[in-house]
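Here's a quick briefing to keep beside the viewer. Have the sequence and the model open while you read.

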Amino acid sequence: PRATGGRLKKFVSSPGFPMVLGGLLTFCVLGGRFSSLAPSNLSMPGAHSRLEASLPATFEYANDVERGILNHLGSIFGCHSCGAKKKVGQFIADHQPPLKIATGRANGFFGKVAKYTVGLFDKQWETGLVGGVLGVRQRFFPQCTSCSKLQSVAVRKGRRVLVTHLTSLRSFHGSGALVPLLRRIDSAATAAAPSPSRPPA
């Protein structure tokens, strides 16, 4: 522990620490999240999912108004799984968690307990706090047809399928270039600075 603390103190006091910190802050300010760097599991909200780009959902399919809103959100934020915006056509109103998973949890032991206790007072318990704790509460996210087809097969067969989003870059991905850029600027400034004159002997 003492050695670890010493290495951490040495890193914090190093010239590169402000640059690394600046890169991380830029990443966060531009909307980046560490989950955005990992591939998307099609059985979960994807790497590009955002709360402000989703709608509350029930076990029913999205209606025309909800589909219209989600299609507009998709054109702005992209597919929540792969991030695609262009050449998508109509975005799908994707249940998250998927219907099969959410209904399976609702019909499980804890779901039935909630139904016959909380459900006696709240007919929409799935959309509330208890539904959230049990993993039953759902939201609609915009999803492209390609990811939707892959998800349908994955959920039906109970497989874990990951989708990458290497071609769907966002502004926060550029924050990784900030650290080497700052290092070059710092090196150039150091090289251009006049060397201190020696004191007379």
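Which residues does S54 touch, not counting residues up to four places away in sequence? They are L73, R139, F140 and F141, where contact means heavy atoms within 4.5 Å. Before going further, keep in mind that this is a predicted model, in which local features need pLDDT of at least 70 and side-chain atom pairs count only at pLDDT 80 or more, while totals for chains, interfaces and linings use all residues. Residues are numbered from 1 along each chain as its sequence is written, and side-chain values use heavy atoms, with hydrogens and water left out.

**Overall layout**

- The protein chain has eight helices and five strands; these are DSSP runs numbered from the N terminus, with helices being H or I of at least four residues and strands being E of at least two.
- Going along the sequence, the pattern reads α-α-β-β-α-β-α-α-α-β-α-β-α.
- Of the 201 residues in the protein chain, 34% count as buried. Buried means under 20% relative accessible area, exposed means over 50%, and partly exposed is in between (1.4 Å probe, protein chains only).
- Accessible areas come from the Shrake-Rupley method with a 1.4 Å probe, and for residues only the protein chains shown count as cover.
- Take the contacts between residues at least 6 apart in sequence: 73% of them join residues at least 24 apart.

**Inside the protein**

- The largest nonpolar core has eight residues: L42, C79, C82, V88, F91, C144, C147 and V163. A second, separate core has seven residues, among them L55, L70, A93 and F140. A nonpolar core is a set of buried Ala, Val, Leu, Ile, Met, Phe, Trp, Tyr and Cys residues joined through side-chain atoms within 4.5 Å.
- Helix α4 (residues 99–106) has L99, A102 and A106 as its buried residues. Looking down the axis of α4, these fall within an arc of 70°, so they line one face of the helix; the arc is that of the directions from the helix axis to the C-beta atoms.
- The cover over the buried residues of α4 includes β3 (92–96), α5 and β4 (138–143).

- S54 sits in the loop between β1 (40–41) and β2 (55–57). With 6% relative accessibility, S54 counts as buried.
- One of the residues touched by S54 is R139; the two are 85 residues apart along the chain, yet their C-alpha atoms are separated by 6.4 Å.
- Q90 is in the loop between α3 and β3 and is exposed, with a relative accessible area of 56%.
- Leaving out residues up to four places away in sequence, Q90 touches N71 and T145.

**Salt bridges**

- The count comes to two salt bridges, each being a side-chain nitrogen of Lys or Arg within 4 Å of a carboxyl oxygen of Asp or Glu.
- R50 and E52 pair through their side chains at 3.9 Å, N to O. R50 counts as partly exposed at 22% relative accessibility.
- R67 pairs with D64, their closest N and O atoms being 2.2 Å apart. The two are three residues apart in helix α3 (residues 64–77), which means about one helical turn separates them.
- R67 is partly exposed at 39% relative accessibility, whereas D64 is exposed at 60%.

**Surface patch and a cis bond**

- F109, F110 and V113 form a nonpolar patch on the surface, with about 360 Å² of accessible area together. Patches are made of residues with over 30% relative accessible area and no salt bridge, where like charges are joined within 9 Å and nonpolar side chains (Val, Leu, Ile, Met, Phe, Trp, Tyr) within 5 Å.
- V113 belongs to helix α5 (residues 109–115) and, at 40% relative accessibility, counts as partly exposed.
- Q96 and P97 are joined by a cis peptide bond, with omega at about -5°. Most peptide bonds are trans. P97 is in the loop between β3 and α4.
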